[in-house]
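Please consult the sequence and structure shown here.

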Amino acid sequence: MDYFDIFISILGSAIRLSIPLLFTALAGLFSERAGIFDIGLEGKMLASAFASACVAYYTGNAWAGLGAGILTAIVFSMVHGFASITNRGNQIVSGVALNFVAAGLTIVLGQAWFNQGGRTGQVPPEGRFSGIVLPGADMMRDVPIIGPLYANVVSGNNILTYIAFLMVPVSWWVLYRTRFGLRLRAVGENPGAVDTAGISVSWLRYRALIVTGFLAGFAGTYLAIAQSAAFINNMSAGKGYIALAALIFAKWKPVPVMFACLLFGFLDAFANFMQGKSLPLIGEVPVQIFQALPYILTCVLLAGFIGIARPPKAGGVPYAKER
Amino acid sequence: MSTASVSLPAWINYGVIPLLNLVLAFFFSGLVVWAIGENPFEALQLLLIGALGRGEGIGFTLFYTTSFIFTGLSVAVAIHAGLFNIGSEGQAYLGGLGAALVALSLDHYVPWYVTMPFAVIGAALFGAACAAIPAWLQAKRGSHIVITTIMFNFIVSSLMNYVLVRLLIVPGKMAPETRTFLEGGQLPKLDWLIALFGGRLGAAPLNFSFLIALVMCFLVWVLIWRTKLGYEMRTLGISPSAASYAGIRYAKIVMITMLISGGLAGMMALNPVMGASARLQIEFVGGAGFVGIAVSLMGRNHPAGIILAALLFGILYQGGAELSFDMPRITRDMIVVIQGMVILFAGALEYMLRPAIVRLYQQVTGK
């Protein structure tokens, strides 16, 4: 295999690995820009993966699975909202709690319903999102450079992948070009001002969290019934936290979020590829370095060595209307 | 009228409200048990018998309690200074490396009571080292400690993976773990403690680190409420601006607090590594760092409360394991659900019931 083929294959797998990150990071973007920290992204992803796998298994309909995934993530989001907006509880504590609930509940319910050690049943092919071959992919395959790139990286992905990339400009447009987006960003910076303007801070934040749940639902669904064909124990495996890291790495902006997710996805794919191989000059590089790299990079960024990552000003602070 | 400003007597704040929150958490956990077709009351009964019924069960319960006391104290110390340390998990994991290195190098030569103090220091140092970078980032660069400690959990996990798989593994073995420590690198079991109450410890790994944990509870109490440093930490926690006006140096207190917090988390490793399995194993912390968050919240960040809360979670862990034998439909992960519910109701929804209780209290007292 020559280097270009290897590159194409890594790139293809990088895209597949970055999709759940992208959905989740965009989900986190809406909540954090509205001033609600969300450590619970991991849990939402896990819970929605479980729900979508269950529903897709029983109905054999991938879209029903997606609906269930989205609904579940929104329910989790609303509990987070109830705790952190209505009851003005600690947002981090609430996120940690929901991660635990999701991690435990998916296994307990999965074991009770399917009896396969936390796995759900195998989802039938029609209950999954499978790859779509874009027009002309086979024809283009023989064209040098662009051909393989189009046929193996751009084409052949499932519909959720294309939706994920579509969500990037959509998120940008919602956040920066609509009234809702303007208010959402304002409520994350200065909720007092938004309140003074006669807009309900709570309702605005709840709506932001609904969007968060909606997007996180896609992420979980992607994991369960697009990337694989069943829910597996703890299948999010820390991806929610990597997405959080990507969100911070991208300084809470939609387009950079996409690049950060692609970068972290690429690192993951590269680590998989490098397993047991050695590089010229350096020798064998431990895989663990690549696994840790997204977190190390985020810490370096947070330290202010690569520009400044300034979080939304009101993030994490419950808003009290009266004292 | 807002009820937030009404002050309630301590027995309601520290007794009734946490208890009601706990009841709510168990109620929702019970709903889950009921939903999968088992009787919640029967499950609770089996859980309690499993945890407290026999000497061996109690031994396991106290073994888990020991780990949770350490991580609970770790989280609590940080919270007193207004810092949320989510990294106890990683700090404990790295602490295990410290303890294991001491045990591996000393166990051939000296008895356990000589190894122990060095192991305590080793575990604490490595745990503190893991907290040092997030602490410095918070103190000097203003990076959010929650985020950096989360990141460090993963960084440490990768690092330990590397260390165990590549460096400390016994040549020729598949399992990524160190060799078994000799007697000189193990902490003795506390069979006499259980025998004192007429039970038998059996195979339960309750060990000397339980006593270390209790000593640490006392030391943390002294530190927080009886020293100048503790006073400065609490001041910083309640009002950073007041602390600044009082001439308390922010960076210094943040660093010291996080080093102590990381050190306490690191010491947790003594319990499983030197007390139970007598070797360093991959992922040995098993979520105890996160349980520490729940324990600290439940225990209102006070050592006495932490002991009680750690005991509660110890009962849950041991009882949950037994329960999954008796009721195979309920897996061990039910504990994780209960834990999540407890964190949710006792932590995030801490004040949900308060307005209602204030109104009730006002009616009853006629104010």
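The points below are grouped by topic.

This is a predicted model, in which local features need pLDDT of at least 70 and side-chain atom pairs count only at pLDDT 80 or more, while totals for chains, interfaces and linings use all residues. Residues are numbered from 1 along each chain as its sequence is written, and chains are lettered from A and ligands numbered from 1 in the order in which they are written.

**Helix H11 of chain A**
- H11(A) spans residues 239–249, helices being DSSP runs (H or I, at least four residues) numbered from the N terminus.
- Of its 11 residues, 11 are buried, that is, 20 or more other C-beta atoms lie within 10 Å of their own, with C-beta atoms placed from the backbone.
- These buried residues include A:Tyr241, A:Ala246 and A:Phe249.
- They pack against H1, H2, H12 and H13 of chain A, together with H6 of chain B.
- A:Lys251, with a positive phi near 55°, follows H11(A).

**Contact between chains A and B**
- Chain A contributes 38 residues and chain B 41 residues, contact requiring C-beta atoms, placed from the backbone, within 7 Å.
- On the chain A side, H3, H4, H11 and H13 each supply at least two residues.
- H4(A) gives the largest share of that side, 16 residues.

- Leaving aside neighbours within four places in sequence, B:Leu270 is in contact with residues including B:Ala99, B:Leu187 and B:Ile212.

Definitions and conventions:
A residue is buried if 20 or more other C-beta atoms lie within 10 Å of its own, exposed if 12 or fewer, and partly exposed in between; C-beta atoms are placed from the backbone. Two residues are in contact if their C-beta atoms, placed from the backbone, lie within 7 Å.
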